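Okay, everyone, thanks for coming. Let me put the model up and we'll walk through some of the salt bridges.

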Amino acid sequence: MNNKDIQEYTLPGSIKNGILIHPFLKEGGISHDITKPHRDNHYQLLFAFEGQYHFRIDFEEIEIRAPFILQIEPGQIHQIIKTENPKGWAFGIEPSFLEEELKNFLDNRNHQIINLEKNEFSLQESADKILERTFFLQSNTINVYTSRAIFHLVSSVLYLLINETDISKKESSAKEKRAYVIEQKFRALLKNKYKEWKSPFQYAEELSMTTAHLNDTIKEVTGKSVTAHLQEQNILEAKRLLYFTDLEVKQIAFDIGFEDPVYFGRLFRKLTGSTPLGFRNQFRD
């Protein structure tokens, strides 16, 4: 690899409602090369109804046959390696346009694959019809009313998606629900602030609670401390930059908010069992 930067893409400036939908891999869809590693600054969801697919998402190779739904979150590095007879819908949606419940749901899924059974009711059948109608509206004249209609149609698909997950079906006490809400808010903050905020206190202060209460809640829900989540998020981004770019280790440390590259190197080795260069060299000839 000779690249110094990972290309990040936004939705086209002509999109006014923060949503772009298109038939997967068909003309009139996305304009950039999705076979090369890249990021998006928005969510991407692929509803695949037919075909065979091979993706790379961060460092994971995924080979899967339709039908399934794949979600990729903002900032994840991904590419399509190969497809055979693909058929389905893809849409991008900017986080700021989502209702809070939908955003919290997507923020906590990371890249997620939901397998769809052809003989079930089905999310597959319902989503296909809704997304086809949404694409029709998007392909014609957009005004304030059709824009709103597109937003609500896409939101309805996401609510159906929530309905298909275990989260929506899990019965929990009021205490558990409160803890889950706190955990959602913490994860959303972490993804946006991890380069700037390295202390659990900063997250607790933003969430109007003590550091101890935040740590106890996060540990109760996830089994890991706030500090562990902070470290894992930083090391994940470091791995992305080591894997996909030729940036020097010192520069990577600075880019993700570490003022001391030596400390960064020690932390990386502690959490991964390898030095940053050792990790990189695993993937180089």
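So, R39: buried or exposed? Its relative accessibility is 9%, so R39 counts as buried, where buried means under 20% relative accessible area, exposed over 50%, and partly exposed in between, with a 1.4 Å probe and protein chains only.

Quick housekeeping. This is a predicted model: local features need pLDDT of at least 70, side-chain atom pairs count only at pLDDT 80 or more, and totals for chains, interfaces and linings use all residues. Residues are numbered from 1 along each chain as its sequence is written, and side-chain values use heavy atoms, with hydrogens and water left out.

On confidence, pLDDT being the predictor's score for each residue from 0 to 100, the protein averages 86, and 88% of the residues score at least 70.

Back to R39. Its side chain meets that of E237 in a salt bridge, 2.6 Å from N to O; the rule is a side-chain nitrogen of Lys or Arg within 4 Å of a carboxyl oxygen of Asp or Glu. E237 sits in helix α8 and R39 in strand β3, so the pair ties together parts 198 residues apart in sequence. Helices (H or I, at least four residues) and strands (E, at least two) are DSSP runs, numbered from the N terminus. E237 is buried too, at 2% relative accessibility, and in α8 14 of the 19 residues are buried. There's also a salt-bridge network linking R39, D58, E237 and R240.

Elsewhere, K82 pairs with E84 at 3.5 Å. Here K82 is partly exposed at 49% relative accessibility, and E84 is partly exposed at 39%.
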